[in-house]
Each structure stands twice: as C-alpha cells, then as structure tokens.
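Morning, everyone. I have one structure to show, and I will keep it short. Please look at the screen first.

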Amino acid sequence: MYNTQSKIDQAIDHQSQIPILRPSIHSRRANLTVKFQDLYGFTVEGNVDDVNVLNELSEKVRQQGRVWFDLEASKGVNWYLQPSISSISSISEGIALKSSLKLSNLANGMMLKKLVRKGIPPVLRPKVWFGLSGAAKKKSTVPESYYDDLSIAVVGKVTAATKQIDHLCKIVTVLPYLYILHREEIHLLEHVIELDTIPTVIDLPRTFPGHSWLDTPEGHSALRRVLIAYSFRDSDVGYCQGLNYVAALLLLVMKTEEDAFWMLAVLLENVLVNDCYTNNLSGCHVEQRVFKDLLTQKCPKIAAHLEALEFDTSLVTTEWFLCLFSKSLPSETTLRVWDVLFYEGAKVLFHAALAIFKMKEDELLLTHQVGDVINIIQRTTHHMFDPDELLTVAFEKIGSMNTNTISKQRKKQEPAVMAELDQRLRRLNSLKEQEQEQDNFPVCVYRVRGNE
C-alpha cells in the first residue's frame, strides 16, 4: 500500500513539501493581506504575522519529522503498532513475558500519545492514521477487492443518497437559529412551503471551491465515488451534508480513494459517536447538548455570559462537529486535531471546541450582541494557523476529560434529544395535515432537478 522509500528519501521528500513563504517587501511594509497555497493545495489569505506563524510551523514540522524518522530507525518502521498486552492470552507465553511487554507497551503508549499531540509529519500521516485508527484492521476483514467491487456494483444505481450527492440539497435557515433538517423533515416540508424559494446548492462543487484538485472534474469524481460507495456500505448513514468535507480532506491526506474510504468507514463506525450522520442527526444533537454542559463546567464565566446574551453555541459548533473543523480551521490545524482524534477518540472534538472559546474568553466577556460573538469565533478559527497554540489550550488549560464521563453525559441527553426530534416531526406532520384539509391551499410539488 505504501512505498518503501528509504528514511533519507522520505525525509528529503518531506522537507521539499513544506514551502517557506516569502511575501514581497511591499506586503511586509504595508502589512497587506497576502495569498499563498498551503501544503494541501488550499489558498490561504493572511497578513504577514500569519505568514510568520506558518513559517515557524513549517520548521516545527521538520523537527517533528526528524523525531519520527529517528524512532522508525531505532524501533522499527511500525513501532507504534506494537501488539497490545490483551493480544497475549496463552499461559505458555509466560507471566514474565507479559510483564515485560506491559512495561514496554506502557512506555510506547505514553511516548506515542505525546508524539501524536505534537503532530504526525505529513509524509507519514497516511500510514500512521491507517494503522492507529483501526482502518487497516477493518479492511483486513473483507476481501482485498472489496472497495473496487463495491464501486463497480453501485454504478448507475439511484438512491436518496445518490440524489443528494449528484443533484441538490436545500439549506433552511430560521433566524436566529440554524435549522438542521433531516430527510423526513425535508420530505414533509415539500408539502407545506415553497421549496423553490429556498437557496439550492449542489454538494460536490461547493466542497472546498477553488481547490487546485478537489474543484476539478477529477476531484469531483473521486469524491463522488468514495461518498456513494460508503452510502451503500451503510444505508443508515447514506449521505449527510458535512461528509463531503470530511471525505474530501481524507482524500487529500490518504492519496487514494480506497484508503480514504476505509478511513471514512472507521471514523463513522468506530471513532465518532453513533448516529451523528444518520437520518435525524440525533448523535450530532446529543453532542451539542453535551458541549453546552462541558462549557458550563470548564468555562463557567463564558457559559453564563453567553446564556445572558441568549446565544446558542450550536450556531457555531454544529458545523464543527459535522465537518470535524474542516470548514472552520486552516488545513494543517484541522489535521493536527484529526491526528489526535484518530488515536484518542471523539472526546478530542470537545477539547478543541472548548479551547476555541477559552482562547477568546476576555473578548467574549465584553460582547453585547450575538453577532459579535459569532464574528469573534469565526475570525479566530479562520486565522488559527498555529495548531500548537490550540492544542496546548485544549489539553493543558481545559484539562482532562474522561471518556466514560462523556459517555454518561451522552446517555443523559439522549432522551431529551429524541423527544425534541419527535416533537419536531409531529409539528411538521400536523402542518401537512392542515395543508391537505384546505381545499383552496395550493399544493407545492417540488421536483428534484434531473428527475422531472
């Protein structure tokens, strides 16, 4: 799956991928906004200070790369995939061996956790992610040709998911709250409002528009194949807005469609909470409620102030959790969060989200309008070019969060979320019935473009 370059060749290749950004002298003097492409092909806009941060980051990445390459040289290429102590079950293997391996694995585990939080070098990211996340293990349970066979089998087939991917979707905003629609609601709304009055967008072309590869016919086709293949693998998930951004970034990192597919599979099936992307997005709604509870615990002053402003944090955090920060943070910062996500699990999303609020606590406490809060958060995320700054706050200032505790909070919130979603559907059903009873009320028939 991966090439067998020597460590020196890999290091040279890795060094060459990280540009030193040099804005013109006129830009430096005038402190003008400059544009440049990052390692993953995204066009970045920033001032000279941002460029300096990125140059410092590039040097840190080089240094971190040398650490990883040295460890591979001394411990072996896949040292981070050493067998866990639970895999040694035979008594004949001996208590002494198990004790020795336990200490060795403990040391490796502590070292690996520290290294992952400092960042996985871009050139090693595909291989390390594939191993640590469990994607390689998941792939090994099916025939080698699984992805190719699935891709061929789904050609020409039409489902609700393929219609969403290939045609259009509707975004409904009910100010001041973003109204997230799941499939049943969209179906019911077709009967009670004129959907033609709602902006229409096509998902694939709007996925990172302007990107040098993703926003091309080749990029669209690759992304479409991965999304449609997964929609057939898990029909409960099918396709949900937000997955296009996640899958697109996975494609850029993993380099191949098949590896991106398996990373998407392990992400949705093992890493993230259940039902984040299913019909009613119940898992995402649960995460929003858990986040609000955690904000109250970890940042009580901010939580109290936002409550006084009647600011709903889901206005900004919904996109973070659905797109896993890929639309909000610069690419390398997003991928540094994903480095930890694939190793430590979904709790990392809460760490990162809390850290963003914590970093701007002083400014947020001075706000008087909801719009001011949104502006501060968006400005902060768009210019967060230093992932070390974010992750230091996330793990040192926010403090530890126990996965079991978060799981208990999720279970606590689930009944309220399901009741709320049920009530929402009841309201829409009621509207539908009222509409059908009114003979003079025109029925709006909405046709998906291409299926008229």
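Leu272, Val273, Cys276, Glu287, Phe321, Leu324, Ala346 and Leu349 line the second largest cavity. This is a predicted model, so please keep that in mind throughout. How much space lies in the second largest cavity? About 40 Å³. Sorted by class, its lining has 7 nonpolar residues, no polar ones and 1 charged one. The count of cavities of 30 Å³ or more is 2. As for the method, empty space shows up when a probe the size of a water molecule is rolled over the atoms.

Helix H14 covers residues 300-308, and its buried residues are Ile302, Ala303, His305 and Leu306. Viewed down the axis of H14, these buried residues fall within an arc of 165°, so they line one face of the helix. What do they pack against? Helix H13 (282-298), helix H17 (347-359), helix H18 (361-364) and helix H19 (370-382). On the face of H14 turned away from the buried side, you find the exposed residues Lys301, Glu307 and Ala308. After H14 comes glutamate 310, with a positive phi, near 60°.

Now the whole chain. There are 21 helices and 6 strands. Of the 452 residues, 48% are buried. Take the contacts between residues at least 6 apart in sequence: 77% of them join residues at least 24 apart. The accessible surface of the chain is about 22700 Å², and carbon and sulfur atoms account for 53% of that surface.

That is all from me.

Notes. Residues numbered from 1 in each chain as written. Predicted model: local features only at pLDDT ≥ 70, side-chain atom pairs only at ≥ 80, totals over all residues. Heavy atoms only, no water. Buried < 20%, exposed > 50% of the residue type's maximum accessible area, 1.4 Å probe, protein only. Helix = DSSP H or I, 4+ residues; strand = E, 2+ residues; numbered from the N terminus. Arc of directions from axis to C-beta. Contact = heavy atoms within 4.5 Å. Areas by Shrake-Rupley, 256 points an atom, 1.4 Å probe, with all protein chains shown as cover. 1 Å grid on protein atoms, 1.4 Å probe; cavity = no way out; pocket = protein on both sides within 12 Å on 5 of 7 lines; lining within 4 Å. Points joined across faces, edges and corners; volume = space filled by probe spheres on them. Nonpolar A, V, L, I, M, F, W, Y, C, P; charged D, E, K, R; others polar.
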